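Me: I have a structure open and want to go through some of its packing. Can you help me with the rings and a helix pair?

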Amino acid sequence: MKESPMQPKLVHLSDYQPPAYLIPNVSLRFEIADKLAHVAAELSVCRQVSTPKGAELELVGEKIELVSVKLNGKVLSAGKDYTLSDDILRVRGLADKDLVSIETRFDPEANISGLGLYRSGKLLCTQMEAEGFRRVTYFADRPDVMSVYTTTIVADPVRYPVLLSNGNCLEQKVLPDGRQQVTFKDPYPKPCYLFALVAGNLEKLSKTMTTKSGRRVSLEIYCEPGNISRCTFLLDSLEKALLWDEKKYGLEYDLDSYKVVAANDFNFASMENKGLNISNASVVLANPECATDRDYDAIERVMAHEAFHNYTGNRVTLRDWFQITLKEGLTVFREQQFCGDQSSHAVERLVTVRSLREHQFPEDRGPNAHPIQPQSYIQIDNFYTTTIYDKGAEVIRMMETLVGEKLFNTAVREYLRRFDGQAVTTEHFVRTIEEVSGRDLKLFRRWYSQAGTPHVRISAKYDKATSRLNLEFRQHTAPTARQPEKLPLHIPIRFALLDQQGQAIPLQFAGETVPVGDERVVELCAESLNVTCLNVPERHVPSFLRNFSAPVVVEYQYTDQELAFLLSHDSDPVNRFEAGHHLGVRAMRRMLEEESAGRASSSPEIVNSAFRAVLTDERADAAFKALTIAPPSLLVFTQSYEQPDFTLAPLVRRRFVQSLVAANRGILEETYEMLAAKLHGPYKFAPLDVGLRSLKNTILSLLLVSPTADMLKRAIKQYRTAHNMTDVAGALGALCLTESSERDEVLKHFFDRWRHDPVVLTAGIAPQCASPYRDVLADIRCLERHPDIDMKNPDKIRAVYGAFTRNLGQFHVASGAGYEFIGEKVLEIDRFNQHCSGDLVTAFADYPRLDAARQARMRKVLEKIISQAGISKGVYEIVSNTLSVTK
């Protein structure tokens, strides 16, 4: 590897030290003018008992100008009373309690990083997590320093008529010079990463919610003019989430108001700033004309997630950034509970499992694999990952499985009561679960520190003479990057045995006098575990890992017939879905072997008939059918290989889908027509309607993989006559999978129709970049030149470049053109948005699994990136990790 011009420092969990000084109270005054923000910060500073008297106070700042420093009202002199070097302000002469006053200034309009205080469209807004507060003032920018904030904002009322910050509004007045001044106070201590400020011309939609104790809370949604009609669903979702949290966990909202602001330029989906959430407009604005079912679901999901953070993340926060999963894993779990209650727990679980397979499992085997509690990092922004969030939620779910729902809910309430107003660690949470439940989770803690996806190999031996079934469970976790040695984990495995009618058999283990239910959870705590089941009929089919009871890969030698049986008969919807997934991947692998040998191939009849059985199953709801008939993605297919063939795999998957459709075209077309007629009425975002639309559009996308002239006409008809964006986007996305004039026709119409709406326009961009046929890079370069597409906007970066990297056949083209293009974009974006460049560079994670020719081409690109002077710490960390892993 070429020598990098920089070698950033690693931060280690083991090096954690408590802060030398606490800052219990912070008073901030922001004076905002054209291209200038002047910040006056008053910090009440208290020396910790463990800190030696006279120790310097260290505060960090970045990309800001220091104007002055005062200690207890006295102006300090640079060099004598304080020093400033390498972005660290060191103040001398402190006693036990002092008032430190700091003035800074900077230009927020020149800040396009999406971090600190920056311009988003016509608004000024903030993003402080993880380390953005240092871009407004010098501070102890770490989560274990919790403060009560009083914030005053002064600005021109014409340009910035609405001024917002955390907490309750104390005062609003006009100053003698005509400027507007507003003061807020948040009475609850919080770390600085939860601070928020918004200034701009905003419209408001509000309602009053009454809490269980009778308090009246103002729920307020703010957006830029013209979008207020799209905020009603967001407002209702916020109220629904807050009331659910009261009922489920007894958690009552604690401020006088809950404010949400929709911003166009935002790196994340949303941010849980205490009492003032700032959200990406693309995931919170909706009406049927401009938002899909998926958008409505995202609003409900995102709003619940941020509302639940009020306690799991805000009231009880993190000691340090290594604990991110403490707030994110637990809050994702709570979000999943809420979403299941709103629609279907089965469908919610299927969506989660599919996401784990497509995103988290690949991350666990990639060059940047990490445990849910990392032990070191260079740039903490690189650890807002699906491992931290989604695997973290699975770890929480396993604890609920082990201790039971009732005790788990009691333990969560006790955890929040015990540590209210404190910055804590994952150990505090796990210990609370232990103390409330009486369970020993010593071995279970390894889930927090060990990376990788465990594989559980299950073998079965049946004794016909005694009707005994012996099951051996054996676990193994492959070495991961920077963690070659693995230890056994505590894995709960839920299973059942099904008879020939698909009914679960009562399960009696050896040593038991009677059966104990027809579904059992065994706990695999060592390398292996043997379980003997009594009175088992000869003809049975095991159903392992029901409801996906652990984030593991089960290895069991099912026959094709057994998988087809489970797909048709298992009462567990997750295992029905999983059976179809395994059957599809197995069929595609066999087809690839045939194609590699130069022989034609097609989907086998057992797969075709199993597909048909799901589609015609009158017991299954439409949402389940839509998820289950969708063939395994190319990503999932290629992940089944140690070294994928990125030339042949896309062709094989396409032929698999084509042959699957050819064998079922009649029933697919008939079902599509039936659903189109059934959904002719007004749009409703309701579970039944959402499921039916999902099934209809899934079928349309399947039929257009091998489009007939008639189906192209039907797709055009759906696009033209649709009365909701779900069906518009469904037709558009399906047509983008074709090489047809109809594709070009609807794309032109969509862009002409929505060119002045940046949120909706994004929906028409990603499908183009996912096309398997065209010269996608040529299409992308046209999009880059489009006058209505701002390629510095985070949503557009994700929609264009992110979508292209997920188009595996195009990204991994043998010439290496895809690698070179994305490498150029990483360096270009890194100059203005290091969060987005860090996200994009993870696309090279397949580097260790590539064939020699592709690996050489990708390595050349990666070495070019890491050799560039001035690349961000985040990009450096990801690229250096990637290059350090070899086959």
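This is a predicted model: local features need pLDDT of at least 70, side-chain atom pairs count only at pLDDT 80 or more; totals for chains, interfaces and linings use all residues.

Me: How many aromatic pairs are in the whole structure?
Reply: The search finds 35 aromatic pairs. One of them is Tyr253 with Tyr258, a tilted pair at 5.0 Å centre to centre, with 40° between the planes.

Me: Are those two buried or exposed?
Reply: Tyr253 and Tyr258 are both buried.

Me: What about Tyr296 and Tyr683?
Reply: Their ring centres are 5.7 Å apart and the planes are at 35°, so this pair is tilted. Tyr296 is in helix H2 and Tyr683 is in the loop between helices H14 and H15, so the pair ties together parts 387 residues apart in sequence.

Me: Why does Tyr296 count as buried?
Reply: Because its relative accessibility is 5%, and buried means under 20%. Tyr683 counts as buried too, at 14%.

Me: Which residues make up the aromatic cluster?
Reply: Phe473, Phe495, Phe509, Phe544, Tyr556 and Tyr558 form one cluster.

Me: Which ring does Arg319 lie over?
Reply: Arg319 lies over the face of Tyr16, 3.7 Å from the ring centre. Arg334 lies over the face of Tyr249, at 5.1 Å from the ring centre.

Me: New topic. At what angle do H9 and H11 pack?
Reply: At about 10°, with the axes 9 Å apart. That makes H9 roughly parallel to H11.

Me: And which residues meet there?
Reply: From H9, Asp560, Gln561, Ala564, Leu567 and Ser568 meet Ile606, Ala610, Ala613 and Val614 of H11. By class, the contact has 6 nonpolar, 2 polar and 1 charged residues.

How values were computed:
Residues are numbered from 1 along each chain as its sequence is written. Side-chain values use heavy atoms; hydrogens and water are left out. Axes are lines fitted to C-alpha atoms, for helices over the stretch in contact, and angles run from 0 to 180 degrees between N-to-C directions. Helices (H or I, at least four residues) and strands (E, at least two) are DSSP runs, numbered from the N terminus. Angles under 35 degrees count as roughly parallel, over 145 as roughly antiparallel, 65 to 115 as roughly perpendicular and the rest as oblique. Contact means heavy atoms within 4.5 Å. Ala, Val, Leu, Ile, Met, Phe, Trp, Tyr, Cys and Pro count as nonpolar, Asp, Glu, Lys and Arg as charged, and the others, Gly among them, as polar. Rings of Phe, Tyr and Trp (its six-membered ring) pair if their centres lie within 6.5 Å; planes under 30 degrees apart count as stacked, over 60 as edge-to-face and the rest as tilted. Buried means under 20% relative accessible area, exposed over 50%, partly exposed in between (1.4 Å probe, protein chains only). A charge sits over a ring if NZ of Lys or CZ of Arg is within 6 Å of the ring centre and within 35 degrees of the ring normal.
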